[in-house]
Amino acid sequence: MEEYLKEAKEAASVLATLNGEVKNRVLGRIADALEANDALIIEHNRLDMEEGEKNNLSPALMDRLYLDGKRIAGMAKAVREIAALKEPVGRILDGWVTDNGLRIEKVSIPIGVVGIIYESRPNVTSDAAALCFKSGNVAILKGGKEAQRSNEAIARIIQKTLEEEGLPKALISLLPDASREGVAKLIKMDRYVDLIIPRGGEALIRFVNENATVPVVKHDKGLCHTYIHADANLDEAVKIAVNAKCQRPGVCNAMETLIVDAAIAPEILPRLKAAFDAEATKLLGDAATRAIIEVEEATEEDFDTEYLANTLSIKIVDGVEEAIAHIRRYGSGHSEAILTDNHRAAEKFLNEVDAACVYVNASTRFTDGGAFGFGAEVGISTNKLHARGPMGINDLTTYKYRIYGEGQIRE
């Protein structure tokens, strides 16, 4: 492990010498190679899918795992979009001249060696690799065992392209020891690794947080809420709520709990039930909800659960204060939404809800690097430092100060 990480650290100095034009050309070649080798990737993915079925992976995980020609074309498109983004390294973030004539510039630089630990989705392999390469970082990738064959195929294609360009394949690689013990070693190698980004289930996040000596930016669960306020446009509210839950239930920005204002609950809940029944959504509700529509009982545990499935909890509240209190208690700091035409209620919600992304009259499904205009993202950070929300290429940089003097000495 130490020799592997030492090689990665040394490769960082090679990457630091590449200008934006070279990086963009290499990324374009990686995108072309992914498309040219889609049959190979699909064949390896088929083996992962078969293994997943044997291991009874959930429908949500199977959906995340699955690759076809369209999804691989999407992976290549994401790599090209990353290449087209503005160069993140070397940006002058600030600059000034001190009283004694020192000229100081605050300039963006790569973080260094970044370890990314993720589960299930093999498209993350190419996304994360491209984001790290564009931002001048060496990428050490550790995908889930359920996508091992798919990830290996994608990584080999990327590494072959790097070598054809005369670059070390250590710039982008899969962690050679993908066991729990291997991860435990990786997250303690602060001599060689500058940042760990874990994205996945609660157990993974907890393990990394409790054991890492390398700095961590966690991408925790998405227990997202949508609150339909008393002054909401009901037609719009039903449409947005269904989208937030059903458009893709197995992702972290999908709604898990719907909060409904008591003042409109008798009118809107039957409409919501009909809309969700049409989507085959399993509904659970508190006692007040069950007094209006026929649904299963929602327990305390349900309100604290990220389903990642077509299941939804419903809570009735008496006003915006109670809605915010419920989100404070159960929310994961990911994405929260209020649906209302009341400006004061909207501003109160925006100001008082503590989450990476807070919406008014829109679906939480928009919490995404592509939807925000960042290109692909390495994940959705629920940290407050150093990055929060969709984490794109600029969040994969840090900065240093460059100081220009003319013989100044400190008295």
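Analyst: The account below begins with strand S12 and then turns to other parts of the model.

The model is predicted, so local features are described only where pLDDT is at least 70 and side-chain atom pairs count only at pLDDT 80 or more, while totals for chains, interfaces and linings use all residues. Residues are numbered from 1 along each chain as its sequence is written, and side-chain values use heavy atoms, with hydrogens and water left out.

Strand S12 comprises residues 335-339. Helices (H or I, at least four residues) and strands (E, at least two) are DSSP runs, numbered from the N terminus. Five of the five residues of S12 are buried, so the strand is largely enclosed by the rest of the structure. Buried means under 20% relative accessible area, exposed means over 50%, and partly exposed lies in between, with a 1.4 Å probe and protein chains only. In a regular strand the side chains alternate between the two faces of the sheet. In S12 both faces are covered: Ser335, Ala337 and Leu339 are buried on one side, and Glu336 and Ile338 are buried on the other.

S12 pairs with two strands, where pairing requires that DSSP finds at least two bridges between them. Strand S7 (residues 224-228) runs parallel to S12 and is joined to it by four bridges; here Ile228 has Leu339 as its bridge partner. Strand S13 (residues 357-360) is also paired with S12 in the parallel sense, over four bridges, and Ala337 stands opposite Tyr359 of S13. Together, S12, helix H15 (residues 343-352) and S13 form a right-handed β-α-β unit. A crossover is right-handed if, with the strands pointing away from the viewer, the path from the first strand over the helix to the second runs clockwise.

The loop between S13 and strand S14 (380-381) contains Gly379. This glycine has a relative accessible area of 2% and is therefore buried. Gly379 touches Arg199, His219, Gly389, Pro390 and Met391, leaving aside residues up to four places away in sequence; contact means heavy atoms within 4.5 Å. Gly379 and Cys252 are 127 residues apart in sequence, but their C-alpha atoms are 9.8 Å apart in space.

Another buried residue is Ser313, at 0% relative accessibility, which is found in strand S11 (residues 311-317). Among the residues that Ser313 touches are Glu256, Thr257, Leu258 and Phe303.

Elsewhere, an open sheet of four strands has the order S5-S4-S3-S6, with parallel pairing. S5 and S6 (195-198) stand at the edges with a single partner strand each, so one side of each has no neighbour in the sheet. Neighbouring strands of this sheet are turned by 20° against each other on average, direction ignored. Strand S4 (residues 138-142) and S5 pair over three bridges, and Ala139 stands opposite Ile172 in S5.

Helix H7 (residues 148-164) has 17 residues and reaches 24 Å from its first C-alpha to its last, close to the 24 Å expected at 1.5 Å a residue; the expected span is 1.5 Å times one less than the number of residues. Its buried residues include Ser150, Ala153, Ile157 and Leu162. The elements that cover the buried residues of H7 include helix H2 (20-36), helix H3 (38-54) and strand S5 (172-174). Gly166, with a positive phi near 75°, follows H7.

Terms used. Axes fitted to C-alpha atoms, helices over the stretch in contact; angles between N-to-C directions.
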